[in-house]
Amino acid sequence: MASQADRHALYEQAVQDPERDVRFFSRVYRRLRGRDALRLREDFCGTAALCHAWVQSMPERTAVGVDLCQETMDWGTRRWIEPAGEEVASRIALVHGDVREPRGPKADLACGLNFSYNCFKTRAELREYFEAARAGLDKDGLFFIDLLGGMESMLEGVTDNDQGDFVYRWEQARFNARTHELLCYIHFVFPDGSEMRRAYTYDWRLWTAPELQELLVEAGFSKVHFYWEKTDREGDGTGVFYEPSFVENQEIWWTYMAAEA
Amino acid sequence: MRHKKKKNRMHSPKTMAQEADRHELYQRAVQSPEADVEFFTERFEQLRNRPALRLREDFCGTALLATTWVRSDPERTAVGVDLDGATLGWGRERNVEPFQEVIGERLELIEGDVREAETALADITCAMNFSYCVFTSRDALRSYFEAARRGLKDDGIFIAELYGGTEAIDILEEERELDGFTYVWDQERYNPLDNSTTCHIHFDFDDGSRIEKAFTYEWRLWTIAELRELLQEAGFADVRVFWEEVEADEDDEDAMMSGTGEYVEVTELDENQESWLVYLVALA
């Protein structure tokens with residue numbers, strides 16, 4: 001089964017929820033800016049699933065996706081953009097390139113998701129990326145990133161998540177307490193016992209929340225917001241986010257930050 | 001008066017907590033100045049090929065380390081800097097005066113801000129017990145590191161102690177029994193949004209009494225990576241990291257790892273522990 005499977009399809013199913021991201025970003029933008037965000041830039045866009053969900057959510061919306069990997073964007077074009085028809089396709093542009101080179105018309109909203117910016121391991125590199133993200137925004141634009149934290153984010157270990165027809169396996173292979181570098185893999189495991197090992201590899205520096213906030217401010221963003229998901233009595237996420245100044249640390253958490261241009 | 005005092009005491013005997021002295025308990029529970037002096041001496045010899053003679057102890061509190069330093073070698077001098085005059089006074093009375101003859105004029109205590117105090121340049125400046133974590137912004141901490149570097153000789157070194165690990169970013173209470181009292185380390189609050197933490201030290205006694213919040217700390221728990229960056233921004237040429245080797249109890253796999261007193265340089269150590277302690281050694 002592993003040899004038949006498509007890693008991008010498995011990734012999208014296991015990791016992404018672009019409609020949820022679109023809803024959340026739209027809500028925050030409307031609350032802070034009093035109007036709808038229309039133009040999105042998705043950095044590290046991969047298959048551009050978010051670009052697709054964005055333009056589908058409103059007929060006036062346009063999106064540009066930027067990624068270093070042409071093969072992954074081509075996959076996304078075949079999977080999402082071509083089947084959606086010419087009109088939708090005409091509102092999405094995919095750019096093969098470095099996210100640190102700003103281009104095209106300015107966006108209302110930009111995002112760097114799935115912790116991809118952690119590939120920048122020095123303050124200078126990450127600040128340069130944040131500066132580019134800001135330069136590509138309209139003057140009242142918003143920049144969203146997600147971040148990963150908690151006690152277990154700094155440990156080695158394996159977490160399995162059963163997706164029904166396969167198991168999504170997240171492996172934190174190496175954490176270096178001296179440099180805060182984290183090496184991770186995604187593996188996919190199938191019911192017939194076959195396995196797609198190291199379908200994705202991430203060589204990151206795990207930046208902490210205050211470091212990200214400091215670098216965003218150094219890059220010129222005027223205000224940084226932390227969002228945290230409210231949980232129900234069982235501890236499950238409710239999809240409702242608030243802005244806390246304090247949270248209790250947890251074994252593992254991920255959340256969003258938004259920075260105002 | 002003397003008689004009356006005695007009588008009162010008989011009617012309402014003081015608890016052990018009331019009799020105890022928090023600075024003395026702290027010194028016994030937390031500090032190991034001889035081990036620090038040994039580590040500093042060896043590191044400096046190894047890195048600079050000469051003996052270290054002058055120590056500056058920032059955030060010195062009772063100046064136990066500075067006192068131990070000057071007592072370790074008749075050629076050694078030291079200066080301790082702390083904001084808290086009362087604690088310095090305690091140290092003068094309890095750590096310095098009993099050894100005044102040996103120490104002579106070789107130890108100076110300065111009541112003041114570690115970022116501003118000026119004194120003869122040091123071979124080694126140290127910031128122990130995580131005290132510099134009171135600086136919660138990069139600018140404030142960098143300006144302290146710059147001051148530390150200004151206070152060093154050309155081949156001086158700056159040593160800062162840091163703790164971390166997965167338990168350091170959690171809420172927990174840890175007890176350690178010592179002779180006559182129990183030391184309680186209480187991580188009351190940790191906020192992963194800004195890495196701020198509130199910690200207390202309490203002391204418990206056999207009669208059930210307690211010194212609650214004998215010491216309280218409001219810190220930002222910096223990461224090793226952040227400190228290395230700030231030390232370099234402050235002008236230090238190189239930053240080395242050492243941590244204490246630990247060993248497991250062979251008879252009890254679940255027991256806590258214990259320190260061996262041996263420090264090794266951390267280069268490619270790719271693991272996090274529940275709890276670790278390192279010395280960052282920054283070369284001027």
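Trainee: Hi! What should I know before reading residue labels and local details?

Mentor: Residues count from 1 along each chain as its sequence is written, while chains are lettered from A and ligands numbered from 1 in the order in which they are written. As this is a predicted model, local features need pLDDT of at least 70 and side-chain atom pairs count only at pLDDT 80 or more, whereas totals for chains, interfaces and linings use all residues.

Trainee: What ipTM and pTM does the predictor give the complex?

Mentor: Both values are 0.93.

Trainee: And what pLDDT does chain B average?

Mentor: Chain B averages 92, and 90% of the residues score at least 70; pLDDT is the predictor's confidence in each residue, from 0 to 100. Over residues 1-7 of chain B, though, the pLDDT is below 50.

Trainee: Switching to chain A: how many helices and strands does chain A have?

Mentor: There are 7 helices and 13 strands in chain A. These are DSSP runs numbered from the N terminus: helices are H or I with at least four residues, strands E with at least two.

Trainee: In what order do the strands of the open sheet run?

Mentor: The 7 strands go β3-β2-β1-β4-β5-β13-β10 in chain A, with mixed pairing; two strands pair if DSSP finds at least two bridges between them. The edge strands of chain A are β3 (92-96) and β10 (223-226), each pairing on one side only.

Trainee: How many bridges link β5 and β13 of chain A?

Mentor: Strand β5 (residues 137-149) and strand β13 (residues 253-260) of chain A pair over 8 bridges, in the antiparallel sense. Within that pairing, Phe143(A) has Ala259(A) as its bridge partner.

Trainee: Now the interface. How many residues of each chain are in contact?

Mentor: 23 residues of chain A are in contact with 23 residues of chain B. On the chain A side, β7 (167-176) and α7 (209-218) are the elements giving two or more residues, and α7(A) gives the most, with 4 residues.

Trainee: Last one: why does the radius of gyration of chain A agree with a compact globule?

Mentor: Because a compact globule with 261 residues would have a radius of gyration near 18 Å, and chain A has 18 Å. The radius is taken over C-alpha atoms, and the globule rule is 2.2 Å times the number of residues to the power 0.38.

Definitions and conventions: Two residues are in contact if their C-beta atoms, placed from the backbone, lie within 7 Å.
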